[in-house]
Amino acid sequence: MAINFKDFPEKVSTGLKANKKFDKFVYRFKVDEKSYRGVIDCSTKIAWKKKDRILYAEDELSKAKKEAVDIIDTDATVDEIIKLYLDTLDDTNYKKSRKSYYDRKVQKSIGKKKAKDILPMQLQKIVNKNIKDGDSPSTAKQAIEILSPAFNIARANRIVMHNPCLDVKISIPPSKKIVVNATDRLTSIYKAIIHLYEKDPFYRAFFLLALQGRRKGEIRNLRWENISFEYEYYFLPNSSTK
């Protein structure tokens, strides 16, 4: 998302301006003839006073200037930082699905571009296009979910100065399903399980665990040694990253 400097008319200090509420700030400065800019959002810091928000913004600006001086002059592409991120993941379906979405819906647009040159508006265009092409907002969000950790790794290694994904906006409409006669339906399911699997406790236990919000993989991977009947709890050693 491009920064509209007209939204920040209040001068705080050299290179730092604020909006009328002083809860968002924008900075702009140069290092070695290269321009750097970014937004510092304090709108969620409700308990902070104006002075506290200004001090925080000035500290963030100081950090940004230091990073700009320390930045490594590298031509690493987005493809290369994505590989850095994927190499941190175990070889699971989660990793495969992340890579698949990137290859199909993101790579063609920015894969060969230098990571340090990527702007939020470029990522916003990718997300908007994927939604326009039929992806739901939740699905299109996968582009940011794989790019953001990759840019975080790149930032930690001084390949880029900031993570452009932080300024990409995706509005996901709330989804709420209303189940009619839920109690009657659950009772019918449980009675059917008791009838069909009278001598097999597996499916009864499966149903009860699922009823408590456990996912299929968590239930199937549960072992006797993970259950304490004495203290009435069970432990999920390999729960999903969700």
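These legends go with several close-up views of one predicted model. In this predicted model, local features need pLDDT of at least 70 and side-chain atom pairs count only at pLDDT 80 or more, while totals for chains, interfaces and linings use all residues. Residues are numbered from 1 along each chain as its sequence is written, and side-chain values use heavy atoms, with hydrogens and water left out.

View 1. Look for Lys11, which sits opposite Lys17 in E2. Two residues separate the strands of this hairpin, and Gly15 has a positive phi near 80 degrees.

**View 2. Strand E2 carries on to E3.** E2 (residues 16-18) is also paired with E3, again antiparallel, over three bridges. Lys17 turns up here too, opposite Val26 in E3. This hairpin has five residues between its strands, and Phe22 takes a positive phi near 60 degrees.

**View 3. E3 meets E4 over eight bridges.** The pairing of E3 and E4 is antiparallel. Two pairs to pick out are Lys24 opposite Asp41 in E4 and Tyr27 opposite Gly38 in E4. The hairpin leaves two residues between the strands, and Asp32 in the turn shows a positive phi of about 55 degrees. As background, side chains in a regular strand alternate between the two faces of the sheet.

**View 4. The largest pocket has a volume of about 670 Å³.** A pocket, on a 1 Å grid over the protein atoms alone, is an open set of points where a 1.4 Å probe fits, with protein on both sides within 12 Å along at least five of seven lines. Its volume is the space filled by probe spheres set on the points, which are joined across faces, edges and corners. Lining residues have an atom within 4 Å of a point; there are 25 of them, and Gly38, Val39, Ile40, Asp41 and Asp167 lie nearest the centre. Strands E3 (24-31) and E4 (34-41) and helix H1 (50-70) each give two or more residues to this lining, with H1 giving the largest share, five. By class, the lining has 11 nonpolar residues (Ala, Val, Leu, Ile, Met, Phe, Trp, Tyr, Cys and Pro count as such), nine charged (Asp, Glu, Lys and Arg) and five polar (the others, Gly among them).

**View 5. Arg98 and Glu145 join in a salt bridge.** Their side chains meet at 2.9 Å, N to O. The pair links distant parts of the chain, with Arg98 in helix H3 (residues 93-105) and Glu145 in helix H7 (residues 142-156), 47 residues apart. The structure holds 11 salt bridges, each a side-chain nitrogen of Lys or Arg within 4 Å of a carboxyl oxygen of Asp or Glu.

Key:
Helices (H or I, at least four residues) and strands (E, at least two) are DSSP runs, numbered from the N terminus. Two strands pair if DSSP finds at least two bridges between them.
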